[in-house]
Amino acid sequence: MTQAPTTAKAALRRHDREILSLALPAFGALVAEPLFLMVDSAIVGHLGTPQLAGLAIAGTLLSTAVSVFVFLAYATTAAVARRVGAGDLPAALRQGVDGIWLALLLGIAVAAVVLPTAPWLVEALGASGTAAPHATTYLRISLLGIPAMLVVLAATGVLRGLQDTRTPLYVAIGGFAANGALNLVLVYGAGLGVAGSAWGTVVAQCGMAAAYLVVVVRGSRRHGVPLRPDTAGIRASAQAGAPLLVRTLSLRAVLLLATAVAARLGDTEVAAHQIVISLWNLMAFALDAIAIAGQAIIGRYLGADDAEGARRVCRRMIQWGVVSGVVLGVLLVLTSPLFVPLFTGDPAVRSTLLPALLIVALSQPVSGVVFILDGVLMGAGDGPYLARAMLLTLAVFAPVALLVPVLGGGLAALWWAMTLMMTVRMATLWFRMRSGRWIVTGATR
């Protein structure tokens, strides 16, 4: 009579341990990545305001370029995990090698296109006459590291698919430390200024890419996997990633539109919005770490033809998402008196900020479910549906957000619109999850 409940509890504990073992290192790696630009900002900030302004503009362009290609990690994770689940490690590594070749080719193409247009892009972002030269210098040098940055994304996806999130954490920590040391030496020791900061980041990114390649190459050679580029494999990786690119671009459009609307509301509102979106992104790291675990685990179960196991893990991860969202929301409310003064001393910004923060806190359980289901469907290779769902979400959000200033709403109204956006995402993803159409077993979808 007690065997079944005991077995069920043991299965839940096993799922929890696996989720934690993948999510915690993934969270550390996710947090380490943005610290690159923070270190650059702290070091360059002491050179002067024009230099820091130039770095801010160039950094925005670079982070946008890299974030657009985050599908290199997501699509590779799902494809590799499926083959791991199917017990075909050589095929998993071959898939990973194809993804890395795609990343390298895309990185070279981006650098070739953006290098000659760097001054125009800097001007398009409204750089002042004093900041523009520094922004152009930083951007042009940093573009040399774009191929390495994209290789890092793809290789991270390979290791996640292999159920290894610890190595990416170690590589991220090593890259962060190297970046800080190189920046100090090159900016101040060698007197290279902004150029030194850019070169330090390029060298650190190349070092990270090299570390990943050593791991992947060793594994490939051990299993007799050829390292040469395979046109068919690269094309397949691109086709798998294309829907996720559409999804990512749609999500970026939502965030850009929200910032544009906040800017139309006034300086106080856009300043408060910047603080809110920064905190929202920080909490997203925690939820995204669980979603990354979901990508790897779901892909493996489906590759092993275990549809019921995939369903059980999905249900458990949704519970994780809800609980994590509640915890994050409560922490945000409880700690707001401590961190708000660190961001601003302006009473008007604070009074505008607090209602929006409360809305964000209330919506965190919804965000938790969204991130988890996003990861589950990515792990299942359900990219085309994710693309359609995000386009629908953008179509709903855009008119509502644009009506906020027209109807005299403030920042709180804008963040209610953001909550609507997340609710629509949750509804579309929940519908797909309940339909079971995402469950396609086998080594390939």
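User: How many residues has helix α13, and what does it reach from its first C-alpha to its last?

Analyst: One compares the span of a helix with the span expected at 1.5 Å a residue. In this predicted model, α13 covers residues 383-406, which is 24 residues. The distance from its first C-alpha to its last is 35 Å, close to the expected 34 Å. After α13 comes Gly 408, whose phi is positive, near 80°.

User: Which residues of α13 are buried, and what do they pack against?

Analyst: A residue counts as buried when its relative accessible area is under 20%. In α13 the buried residues include Tyr 385, Leu 386, Met 390, Leu 394 and Phe 397. The partners of the buried residues of α13 are α9 (231-265), α12 (347-379) and α14 (411-435).

User: Is Ser 250 buried or exposed, and with which residues is it in contact?

Analyst: Ser 250 belongs to helix α9. Its relative accessibility is 5%, so Ser 250 counts as buried. When neighbours within four places in sequence are left aside, Ser 250 is in contact with Met 390, Leu 391 and Leu 394.

User: What is the volume of the second largest pocket, and which helix gives the most to its lining?

Analyst: A pocket, in contrast to a cavity, is an open set of points. The second largest pocket has a volume of about 400 Å³. It is lined by 26 residues, of which Ala 75, Ala 79, Ala 236, Ala 240 and Gly 381 are the closest to its centre. At least two lining residues come from each of α3 (71-85), α4 (89-124), α9 and α13. The helix that gives the most is α3, with nine residues. The lining divides into 14 nonpolar, nine polar and three charged residues.

User: How many aromatic pairs does the structure hold?

Analyst: An aromatic pair is read from the distance between ring centres and the angle between ring planes. The structure holds two such pairs. In one, the ring centres of Phe 69 and Phe 71 are 6.1 Å apart and the planes lie at 50°, so the pair is tilted. Both Phe 69 and Phe 71 are buried. The other pair, Trp 280 and Trp 415, is edge-to-face, with 6.0 Å from centre to centre and 65° between the planes. Because Trp 280 lies in helix α10 (residues 267-303) and Trp 415 in helix α14, this pair ties together parts that are 135 residues apart in sequence. Trp 280 counts as buried at 10% relative accessibility, and Trp 415 does so at 2%.

User: Is Arg 432 buried or exposed?

Analyst: The same cut-off of under 20% applies to a charged residue. Arg 432, in helix α14, counts as buried because its relative accessibility is 11%. Beyond neighbours within four places in sequence, Arg 432 is in contact with Leu 377, Asp 382, Tyr 385, Arg 437, Trp 438 and Arg 445.

User: Where are Gln 163 and Asp 305, and what phi has each?

Analyst: Most residues other than glycine have a negative phi. Gln 163, in the loop between α6 (146-161) and α7 (166-189), has a positive phi of about 70°. With a relative accessible area of 21%, Gln 163 is partly exposed. Asp 305, in the loop between α10 and α11 (307-343), has a positive phi of about 60°. Its relative accessible area is 53%, so Asp 305 is exposed.

Note on methods. Residues are numbered from 1 along each chain as its sequence is written. This is a predicted model: local features need pLDDT of at least 70, side-chain atom pairs count only at pLDDT 80 or more; totals for chains, interfaces and linings use all residues. Side-chain values use heavy atoms; hydrogens and water are left out. Helices (H or I, at least four residues) and strands (E, at least two) are DSSP runs, numbered from the N terminus. The expected span of a helix is 1.5 Å times one less than its number of residues. Buried means under 20% relative accessible area, exposed over 50%, partly exposed in between (1.4 Å probe, protein chains only). Contact means heavy atoms within 4.5 Å. On a 1 Å grid over the protein atoms alone, a cavity is a set of points where a 1.4 Å probe fits but cannot get out, and a pocket is an open set with protein on both sides within 12 Å along at least five of seven lines; lining residues have an atom within 4 Å of a point. Grid points are joined across faces, edges and corners, and a volume is the space filled by probe spheres set on the points. Rings of Phe, Tyr and Trp (its six-membered ring) pair if their centres lie within 6.5 Å; planes under 30 degrees apart count as stacked, over 60 as edge-to-face and the rest as tilted.
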